[in-house]
Amino acid sequence: MNSKAKAAAIFKDNLQNFFFVLPAFAIFCTFYIYPFLNMIFLSFHEWRGIGPMHFIGLQNYQELMSDNLWWDSMGHAGYITLIALTFQNALAFALALACDREIRMKRFYRVVFFIPPVLSEVVVGLIWNWILNPEMQNGQHIGLLNHLLYTSGFPQLVHNWLGDPKTALTTIAIVNSWKGFGWGFIMLLAGLQTIDKQLYEAAKVDGASSWKIFTNVTMPMMMPVILVVVILTILGCMQVFVLILTMVNEGLVNHTDVPVLRILSAMTGTNRFGYACAEAVNFGVILVCISFMTKKLSDKAKQV
Amino acid sequence: MNTNRYVLWGMTKSTLIHVFLISVALTCLFPIFWMVRCAFMTNETVFVDQGIIPHHLNFGNFAIAWTQGNFAVYFLNSVVYTVCVVGGIVLVSSLAAFSFSRLKFPGKNIIFYMFVAAMMIPLPGSFVALFVMMNKLHLINTRFGYILCMINVGLSMSILLLKTFFDKMSRDLEDAARIDGCGKIGIWWNVALPLARPAIAVIVIFNSLNVWNEYILATLLLGDSQLMPLQRGLMVFQGANSTDYPVLMAGLTMAAIPIIVVYLFMQKHIVKGLSSGAVVG
């Protein structure tokens, strides 16, 4: 075979090999890379979705910096995330520790705890909307929660949970935790089960208390998994919005708004596509920074 | 004496643990049970009947939701979208992962790391730019457009998972197939795909959940009620029946039960997928 024919054969071979990747690459470029670049491009423009596009430089970003509704919505998402990081993850960890032993019905618990996560946000939101219903009919509370509070002797606690600006966000955060703790539970349990049981035995022989074993054996071994759970919780909860869309109506918007809902309303509500893109870029950068910082912090903690 | 105390303490401890676990399990199940319970009641009995199990089971709500609520259409659409998207993801991602793992071409690593990077970088609100592009391509209000968008959503994770799997696979079978005269496509179809079944199961279950439960793209891209999947249809339905709770709960039940049943059958793979994700990081 001469060298020319050889080169042609190699070229043909490479081309064939590339054709395997081509469908994935084409879809990826069209539906990920292009919109991603276009989003950055649009964020420097004033555009109503149709008609002429005006280049306005950084004006969208300048406006964003002083947009109180935007930063408030960031605070709301932060609050939901904080509840998830503390309450939801502590619960998930406690449940995982409880299940990491020879215990009856372990399989049952594992199956049940992951049922809320497989339900859609629309279904979860609408079920809880019904349970938390504040209305009354024929002197009876329609919503299950208020009904139970009333009949079990706490009528003073009956409350319009989703209607009151003071309690709405916390209620949403708790429902969000109800939906989400199963993820953390399964991942943390899987992490616990990879820890060598001989480590526990050795620590016990050395006379370590359960608390000592937990802080000196379990926690250091679990740090990588905990980090993954923390980052996924932050990224997931900061971007939560369908739950809010289904649980509260327009009325409470300023008390329960989250960034993704702001982006959505800039786009569909006021047709400000450029501004919506600026919000999206800003939010994306913030999320990348948060997860990067979390990783750095935990690396530092590991070295100590 | 001392051993007695230990046994007693052990029993109390395990009882406490079970009480804790069972109460959380009940908290998980009760809202779902409550939804199903209400779906079997009528608007008259739902506020009156105090029993845990309703005295009279009423199946009419399901019929109303299925026919008048357009659920027959939504349900079928959801099934079509889920099957097409998941099938597309498995096909496209396994071809790509096979090439990334086994074949050579210039620029391979760059393209692969682009997929990895896409998985790491969160893109909140990417739906704005996606909507603009779909509008340009005239793919708004088409099944095809929505399916392509959703394939893209699951692509990166599936490629990464399958590539790690193919990398670990032994080359002996492949060599044997090559000696028997199999080409690259033949090896992909006859050797790689059947062996990758565990990884494909994980991909199928996670993407099925994702597509079945997807809401925002369905809302932005599909305005025609004949094309809407269940989650989108539920919101339309809720807008129309906001006071008729039993019928709404019947609709929710129909959207939730299939996915719960699939989950119960496939939960082994979910645990495996999440565990490997957690351990790999």
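Q: In chain A, what share of the contacts with a separation of 6 or more comes from residues 24 or more positions apart?
A: That share is 71%. The model is a predicted one. In chain B, 75% of the contacts between residues at least 6 apart in sequence join residues at least 24 apart.

Q: Is chain A spread out or a compact globule?
A: For 304 residues the rule gives 19 Å, and chain A has 26 Å, so chain A is more spread out than a compact globule. The principal axes tell of its extent: the C-alpha trace spans about 85 × 60 × 35 Å. Of the residues of chain A, 38% count as buried.

Q: Which pattern does chain B follow along the sequence?
A: Chain B reads α-α-α-α-α-α-α-α-α-α-α-α. That is 12 helices and zero strands.

Q: What is the radius of gyration of chain B?
A: Chain B has 24 Å, whereas a compact globule of 281 residues would have a value near 19 Å. The box filled by its C-alpha atoms is roughly 75 × 70 × 35 Å along the principal axes. Of its residues, 42% count as buried.

Q: How many residues of chain A are in contact with chain B?
A: Count both sides. On chain A there are 70 residues, and they are in contact with 69 residues of chain B.

Q: Which helix of chain A gives the most to that side?
A: Helix α1 of chain A, residues 3-42, with 19 residues. Sorted by class, the side of chain A that touches chain B has 55 nonpolar, 12 polar and three charged residues.

Q: What describes two packed helices?
A: The angle between their axes and the distance between the axes. Take α3 (residues 68-99) and α8 (residues 165-194) of chain A. Their axes come within 6 Å and cross at roughly 40°. Angles under 35 degrees count as roughly parallel, and 65 to 115 as roughly perpendicular. The pair α3(A) and α8(A) is therefore oblique. The crossing of α3(A) and α8(A) is right-handed. Its contact residues divide into 21 nonpolar, seven polar and no charged.

Q: At roughly what angle do α6 and α9 of chain B cross?
A: At roughly 160°, with the axes of α6 (residues 143-168) and α9 (residues 197-212) coming within 10 Å. Angles over 145 degrees count as roughly antiparallel. So α6(B) and α9(B) are roughly antiparallel to each other. Their crossing is right-handed.

Q: Which residues make that contact between α6(B) and α9(B)?
A: From α6(B): M150(B), V153(B), G154(B), S158(B), L161(B), L162(B) and F165(B). From α9(B): A199(B), V202(B), I203(B), N207(B), N210(B) and V211(B). By class, these are nine nonpolar, four polar and no charged.

Q: Where does N271(A) lie?
A: In the loop between α13 (259-269) and α14 (273-303) of chain A. Check the backbone too. Phi of N271(A) is near 60°, a positive value in a residue other than glycine. N271(A) has 13 C-beta neighbours inside 10 Å, so it counts as partly exposed.

Q: What is phi of H138(B)?
A: About 60°, positive although H138(B) is not a glycine. H138(B) lies in the loop between α5 (126-136) and α6 of chain B. With 9 C-beta neighbours inside 10 Å, H138(B) counts as exposed.

Q: Is G183(B) buried or exposed?
A: Exposed, because 11 other C-beta atoms lie within 10 Å of G183(B). G183(B) is in the loop between α7 (172-179) and α8 (184-195) of chain B.

Q: How many residues apart in sequence are G183(B) and Y113(B)?
A: They are 70 residues apart in sequence, and 27 Å apart in space from C-alpha to C-alpha.

How values were computed. Residues numbered from 1 in each chain as written. Chains lettered and ligands numbered in written order. Predicted model: local features only at pLDDT ≥ 70, side-chain atom pairs only at ≥ 80, totals over all residues. Helix = DSSP H or I, 4+ residues; strand = E, 2+ residues; numbered from the N terminus. Buried ≥ 20, exposed ≤ 12 C-beta atoms within 10 Å, placed from the backbone. Axes fitted to C-alpha atoms, helices over the stretch in contact; angles between N-to-C directions. Left-handed = near helix turned anticlockwise from the far one by under 90°. Contact = placed C-beta atoms within 7 Å. Nonpolar A, V, L, I, M, F, W, Y, C, P; charged D, E, K, R; others polar. Rg over C-alpha atoms; globule rule 2.2 N^0.38 Å.
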